[in-house]
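Here is a short briefing to read with the structure open beside you. Please take a moment to turn the view around before starting on the points below.

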Amino acid sequence: MSLRLKVSFFFFLKKSNRVLSFLLLLVLWLINSFYDAGKVYQVLEVEHKQRGRGGASMQVELRNIDNGNKQSLRFNTEEAVERVFVQERSFTFLYEEQGKAYLMDPEKFEQLEVPTELFGNAAPYLKEDMQVKLQLYDEAPLSGSIPKQVTCTIKETQPPMKGLTATPRYKKALLDNNVTIQVPAYLDTGEEIIVDTNEHSFISRANK
């Protein structure tokens, strides 16, 4: 039996003399970060495997924050990690230039430059004055996030379709950030819509 969990968090790998129960290890993994000798990883996917009487293990797909390389590791029930905390802070997005996002700290009024790739697939939805969040460890940015829902304008799409049936029909639409998504067939160029930035999917028309 296996249980697959898609998550995103950070930790430092470390072997420790302390032994945590597998259940506690799993819980801590899902809510915190971990420390070890100098390497930061983003956890992309976790698979919990139960092998009958053979015990349980956790297969973890990782991304090295420093170089972007991916690797897969397996942790047994006797593995332990040292727990650390990642700070989350709010910033205001100013602009993007040559793969860099320029942010303003609203408390210190200091400007911060980070790679846009920290925001992952949501980076194209960054807009001026948008409130974003950064996860930091020891003041170093590890990851960024933006609001789950944003307003976009349809830049280009086919004219509204006539004779629609009871079954919803969709068509491609190019948004003002050059992202293409599927939208209902009744929408037209120039309309504002609400988009799910995680799924790149249409939610509704924007309220005017």
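What follows is a topic-by-topic tour of this model, from the whole chain down to single residues.

The model is predicted, so a word on confidence comes along with the geometry. The chain holds one helix and 17 strands, and buried residues account for 39% of its 208 residues.

**The chain as a whole**

- Looking at contacts between residues at least 6 apart in sequence, 48% of them join residues at least 24 apart.

**Confidence**

- The mean pLDDT of the chain is 77, with 71% of the residues reaching 70 or more.
- Residues 1-32 have pLDDT below 50, although this stretch still makes 103 contacts in the model beyond near neighbours in sequence.
- Where pLDDT is low, predicted coordinates should not be read in detail.

- Strand S8 spans residues 87-97, and strand S9 covers residues 100-104.
- S8 and S9 pair in the antiparallel sense over five bridges.
- These two strands form a hairpin with two residues between them, and Gln 98 in the turn has a positive phi of about 50 degrees.
- S9 also pairs with strand S10 (residues 111-115), again in the antiparallel sense and over five bridges.
- The hairpin of S9 and S10 has six residues between the strands, and here Phe 109 in the turn shows a positive phi of about 55 degrees.
- Leu 103 has Leu 112 in S10 as its bridge partner.

**The tyrosine pair**

- Which residue in S9 is the bridge partner of Tyr 95? The partner is Tyr 102.
- One aromatic pair is counted in the model.
- The rings of Tyr 95 and Tyr 102 have centres 4.5 Å apart and planes at 15 degrees, so the pair is stacked; the cut-off for stacking is under 30 degrees.
- Are the two tyrosines buried or partly exposed? Tyr 95 is partly exposed at a relative accessible area of 37%, whereas Tyr 102 counts as buried at 13%.

**Gly 99, in the loop between S8 and S9**

- Gly 99 sits in the loop between S8 and S9 and is partly exposed, with a relative accessible area of 32%.
- Setting aside neighbours within four places in sequence, Gly 99 is in contact with Val 114, Pro 115 and Thr 116.
- The C-alpha atoms of Gly 99 and Ala 123 are 9.9 Å apart in space, while the two residues are 24 apart in sequence.

**Glu 88, in strand S8**

- Glu 88 belongs to strand S8 and counts as partly exposed at 48% relative accessibility.
- How many residues along the chain separate Glu 88 from Leu 134? They are 46 residues apart, yet their C-alpha atoms are separated by 5.6 Å.
- Leu 134 is also one of the residues that Glu 88 touches; the others are Lys 133 and Gln 135, not counting residues up to four places away in sequence.

**Strands S16 and S17**

- Strand S16 (residues 192-196) and strand S17 (residues 201-205) pair in the antiparallel sense over four bridges.
- Within this pairing, Ile 194 has Ser 204 in S17 as its bridge partner.
- Four residues lie between the strands of this hairpin, and His 200 takes a positive phi near 55 degrees.

- Glu 191 is found in the loop between strand S15 (180-184) and S16.
- Is Glu 191 buried or exposed? Glu 191 is buried, because its relative accessible area is 16% and the cut-off is under 20%.
- The side chain of Glu 191 makes a polar contact of 2.7 Å with the side chain of Arg 205.
- The Glu 191 side chain also reaches the backbone nitrogen of Asp 188, at 2.8 Å.
- Leaving out neighbours within four places in sequence, the contacts of Glu 191 are Cys 152, Thr 153, Ile 154, Tyr 186 and Arg 205.

Conventions. Residues are numbered from 1 along each chain as its sequence is written. This is a predicted model: local features need pLDDT of at least 70, side-chain atom pairs count only at pLDDT 80 or more; totals for chains, interfaces and linings use all residues. Side-chain values use heavy atoms; hydrogens and water are left out. Rings of Phe, Tyr and Trp (its six-membered ring) pair if their centres lie within 6.5 Å; planes under 30 degrees apart count as stacked, over 60 as edge-to-face and the rest as tilted. Buried means under 20% relative accessible area, exposed over 50%, partly exposed in between (1.4 Å probe, protein chains only). Contact means heavy atoms within 4.5 Å. Two strands pair if DSSP finds at least two bridges between them. pLDDT is the predictor's confidence in each residue, from 0 to 100. A polar contact is a pair of N or O atoms within 3.5 Å; within protein, one must be able to donate a hydrogen and the other to accept it, and residues adjacent in sequence count only if both atoms are side-chain atoms.
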